[in-house]
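Colleague: Could you talk me through a few features the way you'd read them yourself? I'd like the general idea, then the case here.

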Amino acid sequence: MRIGKEFRIPPVAEQFMRRALRLARRGLGRTAPNPMVGAVVVKAGRVIGEGYHSAVGQPHAEIEALTQAGPQARDAELFVTLEPCNHHGRTPPCTRAIIEAGVKKVWYGMQDLNPDVEGGGGAFLRASGVEVVGRVLEDQCRLLNEVYVINVTLRRPFVYLKLAMSLDGRIATRTGESKWITSEASRRQVHALRDRVSAVMVGIGTVTADNPGLTTRLPRKRGRDAIRIVVDSNLRTPPDAAVFNPASDAGVIIACRKDAPAENAILLEERGAQIVRTRGRDRVDIADLMHTLYRRGISSVLVEGGASLAWSVLEAKVTDRCLFYYAPIIIGGADAPAGVGGKGVRRLPEAPRMEKAQISRVGPDILVSGRIAYPVVNRSVPGKTRTPKPRTRGNRGNTP
């Protein structure tokens, strides 16, 4: 059921959905490839059960909430951030548990956009006599699960592009010095993001210049390491590079072009790397790489450097959200590298655009973040571009 002008969501329903959203956020970074979901069971205006999906293989939010509610769930209302599932995956379908518990009404936040299950849960519940009201606080629910939406509609990971720059957009001085442009507060925030994503990606230029370890370093040794990915067309990654960290079991992937030297691959495989050959003949095919990573179970990628790779993920239209950290310094210099390299766009209307940009302070630094949209260039009419309207599926690179 889609909410129309003839129906207004009661404020109390939004109140309980917000509570479900807060619960869902507790699973941040731990539920992939599943979405984050929160659920609240309400009877006579009182919460009698609540829960959230904590990790893959663990009970879904609805089951947690219904279990807590127990027999009181009969004739109660269920508020859940995502349309209840009607298929048997790692766990049984939630719709059957809802019916067996005797819930009389289900309010859900967003429809499950997975093409394999889309709309099935709500339809099954209605056919079984349960009243279903959909799309309550839909925008907030979709934002919460923006990674999942990209995964199931475009079949690739959600991509974050992070850059740490001076006010004039430089990522290093003309002599190559880059540690540290931004503050410890900004670096701590980035490490928190590393803890949430499936993989961290850099280019071979960053490996040879900075030799980063790409591990997650949070206070009290909390957090987990993400898979480390090096985009290296010709497999030039040194076998003693810091990404091959024996203290971390996260694993290393080296992505290369189709015909990269086999002898180099052998050396890197001996160090424990997985070699992913893309269909690119001269360099790594970024779009092909992203689909390959998704098939390997990687749901989100944090791209951290350098300038050439930053342009590559923008040019391939796979960047979903940018996080640009600006330090209050000015580096200057024609030879100082900019945050984004590559060939760039030919004309301003062709430029990727940040939507709903948010600006915040992180210690002494400034963070500018937002979703990225890509204009479609009409080659038949010179100079004509348009920004496509969002669709629920198949709209590569645009806000779902």
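Modeller: Let's start at Trp-180, which sits in the loop between E6 and H7. Helices (H or I, at least four residues) and strands (E, at least two) are DSSP runs, numbered from the N terminus. Keep in mind that this is a predicted model, with local features needing pLDDT of at least 70, side-chain atom pairs counting only at pLDDT 80 or more, and totals for chains, interfaces and linings using all residues. Residues are numbered from 1 along each chain as its sequence is written, and side-chain values use heavy atoms, with hydrogens and water left out.

Colleague: Is the peptide bond from Lys-179 to Trp-180 cis or trans?

Modeller: Most peptide bonds are trans, and most residues other than glycine have a negative phi. Here the bond from Lys-179 to Trp-180 is cis, with omega near -10°. Another cis bond joins Gly-305 and Gly-306, where omega is about 0°; Gly-306 is in the loop between E11 and H11.

Colleague: How exposed is Arg-155?

Modeller: Partly, at a relative accessible area of 32%. The scale runs from buried (under 20% relative accessible area) to exposed (over 50%), with partly exposed in between, using a 1.4 Å probe and protein chains only. Asn-211 is partly exposed as well, at 38%.

Colleague: Next, aromatics. How many aromatic pairs does the structure hold?

Modeller: Three. A pair of rings is described by the distance of the centres and the angle of the planes. Rings of Phe, Tyr and Trp (its six-membered ring) pair if their centres lie within 6.5 Å; planes under 30 degrees apart count as stacked, over 60 as edge-to-face and the rest as tilted. Take Phe-16 and Phe-79: their ring centres are 5.2 Å apart and their planes are at 45°, so that pair is tilted. Phe-16 belongs to helix H1 (residues 11–24) and Phe-79 to strand E3 (residues 77–82), so the pair ties together parts 63 residues apart in sequence. Phe-16 is buried, at 7% relative accessible area, and Phe-79 is buried at 3%.

Colleague: What about Phe-79 and Trp-107: stacked or tilted?

Modeller: Stacked, because the ring centres are 5.5 Å apart and the planes are at 10°. Together, Phe-16, Phe-79 and Trp-107 form one aromatic cluster.

Colleague: Last topic, helices. How many of the nine residues of H11 are buried?

Modeller: Seven, so H11 is largely enclosed by the rest of the structure. Trp-311 and Leu-314 are among them. The buried residues of H11 pack against E6, E7, strand E8 (227–231), H10 and E11, contact meaning heavy atoms within 4.5 Å. After H11 comes Lys-317, with a positive phi near 60°.

Colleague: And which residues of helix H4 are buried?

Modeller: In H4 (residues 120–127) they are Gly-121, Gly-122 and Leu-125. Viewed down the axis of H4, they fall within an arc of 95°, so they line one face of the helix. The arc is taken over the directions from the helix axis to the C-beta atoms. That face packs against helix H3 (94–101), strand E4 (105–110) and strand E5 (131–133). Gly-129 follows H4, and its phi is positive, near 95°.
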